[in-house]
Every structure is written in C-alpha cells, then in structure tokens.
Amino acid sequence: MIGSPFAPSMVIDPTRKTEMSNLATNLLNTANQYPCRPAVRWNQRSWTYADLEEHSSQVGGGLLAHGVRPGDRVAIVVNDIPAFAALYYGALRIGAVAILLDPALGPETIRHRIEATGAHVVFATEEVYGPIAPVVASNGLCIPVGPAFMDQVVFWPRCPTLVRRQGDEPAVVLWPSAGPAGGGDARSLELCHQTLRTAAFRAVSDLLVLSPDDTLVTTTSIHGLVGQTCGLNATVLAGAGFVQVDAADSNGVSMEIHRSRRRMGLTASAAISSGGKGSPGRGRRRRSPANVPQAAGSIAGFLPTLAAPPLSFPKV
C-alpha cells in the first residue's frame with residue numbers, strides 16, 4: 001500500500017488480466033474515491049477530480065456527437081493543463097486515439113503531423129488554430145481552445161460510460177518535441193492502453209511514491225514521453241494533484257513532489273531531474289530533513305521499454 005488509503009493493486013493489474021483496459025478507467029476510479037481532492041491546476045484555474053471527470057465526460061459526449069468513434073484519432077494541440085486533461089481523458093473514454101502535439105512545434109510541423117496521423121478532430125490553441133484550420137477543414141473538424149473554451153464544453157452532452165479497449169489497442173501517439181523543418185523525417189511513437197497503465201503504476205509505486213495527499217509540480221511537457229508516463233497519468237492513478245509551472249520558476253528541477261505532512265518520513269519535497277552521469281536507474285525512498293529535497297533518481301533509466309519502430313500512416 002502507498003500512503004494511506006491507496007493500493008495500486010485495487011486499480012491496475014500489471015499481469016494484464018484486467019477486464020477493462022481503457023486508460024481513462026483510472027480517472028473514473030479516482031473521481032469516485034476522491035471527488036473533492038485537487039486534480040489539476042494551471043495558472044489561476046484549479047479543478048477537483050469530480051470537475052475533471054465531469055468535463056472529460058462532456059468532451060467525450062461532444063466527440064460522439066461529432067461522429068468520432070473508437071479508433072478514430074483526435075489531435076490535442078493545447079498547453080492549458082485542465083483543458084488538456086479534459087480533452088485527453090474525454091477522447092480516451094470513447095476509445096479514440098489521442099494525438100499529442102506541442103503548440104511550440106510551429107504551424108508547419110503541426111500541419112504535417114496532423115495530416116500524417118489522419119486526425120478526425122483537432123483541438124488547437126488559438127495561436128495555432130488560424131494557420132492549421134484550413135488544412136484540417138478539408139478532412140475533419142478543427143476547434144479553437146481559448147480562455148472561454150471550457151465555458152462552452154459544459155453545454156456538451158455527457159458520456160458517462162467508457163468504451164472497452166483491449167490492452168494492446170493504441171491510446172496515444174507521441175511525436176518528438178522538435179524535428180526537421182516540416183516534420184518530414186520525424187518518427188512518432190504509438191503507446192497502447194496497457195503500456196501507459198503499467199508505466200503509471202510503476203511511476204506511482206516505485207519512482208515517485210505518490211499518495212493522494214501529494215502534489216506533483218512539474219515543468220515537463222505533457223505532450224512528451226516522460227510527461228505521459230510520470231506526469232498526469234501517474235497523478236490521476238494515485239489521486240494526487242498535478243501542477244504545471246514555467247521552466248523559469250523551476251531552478252533546474254523538472255519535477256518536484258510536495259509531500260503531505262501526515263506521511264511519516266516523507267515530509268520533504270521529492271525532486272526529480274532528468275538524470276545524468278552516474279544517475280541511478282531506479283527511484284529510491286529515504287528519510288530526509290524537511291528542508292532537504294528527496295532525490296528520486298533518473299526517470300529515463302526507470303521507464304518500461306517503450307521503443308517502437310516508426311509508424312506508417314496513410315496520407316489524407
């Protein structure tokens with residue numbers, strides 16, 4: 001058991017015998033158990049797990065109303081963490097595949113990667129929406145995500161249930177944070193539901209040692225591999241809080257865990273850097289004074305093997 005009332009074995013079965021393998025199951029379980037706990041915070045906006053589950057249900061219902069079906073691809077080009085989380089779990093709960101693209105990639109690269117993956121629906125920050133909307137409009141739907149976006153989502157129909165997915169069915173497609181001009185030579189990485197569930201379980205239980213009273217503060221991009229495996233998915237599995245901050249405020253630390261004072265021996269923050277020479281491959285738990293960070297080791301050396309050959313998508 002991790003912390004006090006959380007037991008990962010109640011939520012995930014690493015032996016792959018779990019009947020419901022949809023990654024969004026983690027959010028429903030946590031929202032049912034800890035509805036009033038803080039889930040995500042970005043700038044001045046904070047949502048509880050009940051809020052996040054409700055908004056993801058509305059996103060799922062909206063996608064279904066627009067004809068999105070299991071296996072269809074939904075691109076998310078958004079930095080706003082609460083909105084991202086609602087779109088992400090909303091797409092997953094109806095069985096769609098979430099295509100994650102960092103808005104900082106630039107319109108040309110984003111256009112190429114959207115075309116390569118054949119996304120049916122694209123949610124894009126307002127800065128990216130203008131340049132890519134004409135390209136997307138010929139084959140799908142492009143929706144701008146601005147400050148008032150979530151005010152509109154509350155009027156979308158709800159989707160209270162989850163679509164069953166096999167563990168080996170794709171959940172997310174990631175791309176490198178940077179690539180050649182136009183993204184022509186970039187390689188994407190497709191991750192299935194079971195891979196992401198297992199990675200989140202390992203991050204919660206062994207690397208981050210998260211409890212529902214903890215808060216993960218990070219500068220790591222939510223669109224990348226580490227952000228997916230050790231970020232939002234891990235905190236949702238544990239029922240912890242997730243906060244995104246600017247890199248300028250991080251003092252070189254990519255992740256920091258604020259521990260609950262009720263946890264014996266873990267009253268210090270847990271800092272996680274990107275590792276480096278001599279960095280241990282496995283997170284370690286240790287007692288430390290309240291004003292000394294607890295080093296958890298290198299993320300890269302701890303993750304499950306996620307390497308995959310480049311994917312080939314039909315041209316749209």
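Local features are described where pLDDT is at least 70, side-chain atom pairs count only at pLDDT 80 or more, and totals for chains, interfaces and linings use all residues. Numbering runs from 1 along each chain as its sequence is written, and side-chain values use heavy atoms, with hydrogens and water left out.

Let's start with confidence. The mean pLDDT (the predictor's confidence in each residue, from 0 to 100) is 76 for the protein chain, and 70% of its residues reach 70 or more. Over residues 1–18 the pLDDT is below 50, yet that stretch has 33 contacts beyond near neighbours in sequence, a contact being heavy atoms within 4.5 Å. Residues 263–316 also have pLDDT below 50, with 119 contacts in the model beyond near neighbours in sequence. Where pLDDT is low, the predicted coordinates should not be read in detail.

Now to Thr 30, which sits in helix 1 (residues 25–33). Helices (H or I, at least four residues) and strands (E, at least two) are DSSP runs, numbered from the N terminus. Is Thr 30 buried or exposed? Thr 30 counts as buried because its relative accessible area is 3%; the cut-offs are under 20% for buried, over 50% for exposed and partly exposed in between, with a 1.4 Å probe and protein chains only. A polar atom of the Thr 30 side chain lies 2.6 Å from the backbone oxygen of Val 236. Setting aside residues up to four places away in sequence, Thr 30 touches Pro 35, Tyr 49, Val 236, Leu 237 and Gly 239.

Next stop, Ile 99 in strand 4 (residues 97–100). With a relative accessible area of 0%, Ile 99 is buried. Beyond its neighbours within four places in sequence, Ile 99 is in contact with Arg 73, Val 74, Ala 75, Ile 76, Thr 117, Val 173 and Trp 175. As for Val 121, it is 22 residues from Ile 99 in sequence and 9.9 Å away, C-alpha to C-alpha.

Finally, a look at backbone angles. Asn 43 is not a glycine, but it has a positive phi of about 55°. You'll find Asn 43 in the loop between strand 1 (38–42) and strand 2 (45–48), and it is exposed because its relative accessible area is 56%. Val 209, in the loop between helix 7 (193–207) and strand 9 (215–218), has a positive phi too, near 50°. Val 209 has a relative accessibility of 7%, so it counts as buried.

Key. Polar contact = N/O pair within 3.5 Å; in protein donor to acceptor, adjacent residues only side chain to side chain.
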